Amino acid sequence: MAYASHIINHSKRLRNVPKLLRYDHAVLVRWFSNGAQSSVCKREDVAKIRPLGYAPAERETVSKFVGSHPVSYCLSKKTLSRTVMRSGIPMGGVVCSRGLLCSQALSRRGFASDAGLPPCQEIGMPSLSPTMTEGNIARWLKKEGDKVSPGEVLCEVETDKATVEMECMEEGYLAKIIKGDGSKEIKVGEIIAITVEEEGDIAKFKDYSPPASDSGAPAAKDSAAPPPPKQEPVEQPASSPEPKTPKPTSSPSEDRFFASPLARKLAEEHKVPLSSIKGTGPDGHIVKADIEDYLASRGREVSAPTPKTKDAKLAALDYVDIPHSQIRKVTASRLLFSKQTIPHYYLTVDTCVDKLMDLRSQLNSLQEASGGKRISVNDLVIKAAALALRKVPQCNSSWTDDYIRQFNNVNINVAVQTDNGLYVPVIRDADKKGLSSIAEEVKNLAQKAKENSLKPEDYEGGTFTVSNLGGPFGIKQFCAIINPPQSGILAVGSAEKRVIPGSGPDQFKFASFMSVTLSCDHRVIDGAIGAEWLKAFKGYIENPESMLL
């Protein structure tokens, strides 16, 4: 019995010998090696073959069956490719190139002998930020037919937060650009280009178009081919259940409508068919209120056409529909999520900025003499906020379902308004940097934001946000929306002169005060903690020399 099963197993293997000879002789050696382990199961099962004690060479091919189709895995130092073969013809697979995470960029190496196409690599839309689900192609820096090398920039991708350069991972030739300049709303993983290894293969992809579905499509088609017999039950719609529509039998009972005498009289007076009214009385009886509701609703329908004249007037309005940019979509969704899920509360305090302005003028005179960037009030605010966070670390935290994460790094996001939308570049370790370094970094990041050239590392990783509408726009005071997953944001208003009491009974003096409002996540920051942070911040603003210690 054991000898017979051995013969059967080998006969099944011999069917696939022509297929295996095309790719690697090592497969045959391992296929029929005495140390090989195999299991032949049903069509849906998988037969795995792997040698015992086999040392992989420079290029290794591992074969197995998926359903009735053999699968060949080719391993080399450069790439790991998987090709699914149908009748010995490779149909497509997934390639994970070195230096490229599959979650960030998808590239598939496919073969289509039916179309006479050579081996190619399909480049997918990469995931360039944690929140990215789709992206736009800003422009291609490489053209069809160009040679590409690892590290060269293929195109610029507009993500949900910035425009990022997409680099090539492998050497080859750009044979076909599927998604051209300006292509929008491309899903992550969707094919955007084709590359080939040989220059002579470029012309063969001139009219190439990727399959409508993903790499799972071939499997879906294969699995759809066998089930035609299963489509026989499609005759079920014509089976007895549907002819069971002897609903007319219930029509005699439906011809009778139970209604109160007053309701019947009211229906006859207004010529209302009882069949069009659903009763709300006991046992579904139609009562007077049902008739009145029906008449009222019919009156609304009659009067409904009158607003059409108003609509016609409104239609005459002149307007322009502005399409949403990626940054606008993300800003809208994140702020909506913040307002709906984070319990905000607000604390406002007025700070005297006379000493701050004096210190700023002194520092700027030194900066001008040394050729450095001028220091703004916002730079001093960022420094004071960072030092206050170091002093009250509870405000430098983030909420999760299981714990509150308190950060040791103080990274301040700075809100920057541009023509494309609102950006929040980050100043890392702001508590450890000098004012001149903060001033220079803020100006550089703001310029990059206006040019839409921020990279993910320029805006990710913030622990607290500062938004200033006072200096640029003269807003006295406002409340900002928390930028999740952070727990606080400081809204800075403008400074104004006020009259305050002097030392004597009839004395007074002038002073400049700036209003700041702290928005807090009550899940993380209690009211007393928020007040303590504002007290520390106010101390640094009103005694700015302490920030230099």
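**A mixed sheet and its salt bridges**

Six strands, in the order β15-β24-β23-β22-β18-β21, make up an open sheet with mixed pairing. Strands here are DSSP runs of E with at least two residues, helices are runs of H or I with at least four, both numbered from the N terminus, and two strands pair if DSSP finds at least two bridges between them. The model is predicted, so local features need pLDDT of at least 70 and side-chain atom pairs pLDDT 80 or more, while totals for chains, interfaces and linings use all residues. Residues are numbered from 1 along each chain as its sequence is written, and side-chain values use heavy atoms, without hydrogens and water.

User: Is Ser-494 buried or exposed?
Analyst: Ser-494 is found in strand β23. Buried means under 20% relative accessible area, exposed over 50%, and partly exposed in between (1.4 Å probe, protein chains only). Ser-494 has a relative accessible area of 16%, so the residue is buried.

User: Which residue forms a salt bridge with Asp-350?
Analyst: A salt bridge is a side-chain nitrogen of Lys or Arg within 4 Å of a carboxyl oxygen of Asp or Glu. For Asp-350, the closest N and O atoms are 3.0 Å apart, and the partner is Arg-498. The pair links strand β15 with strand β23, 148 residues apart. Asp-350 is partly exposed at 28% relative accessibility, and its salt-bridge partner is Arg-498.
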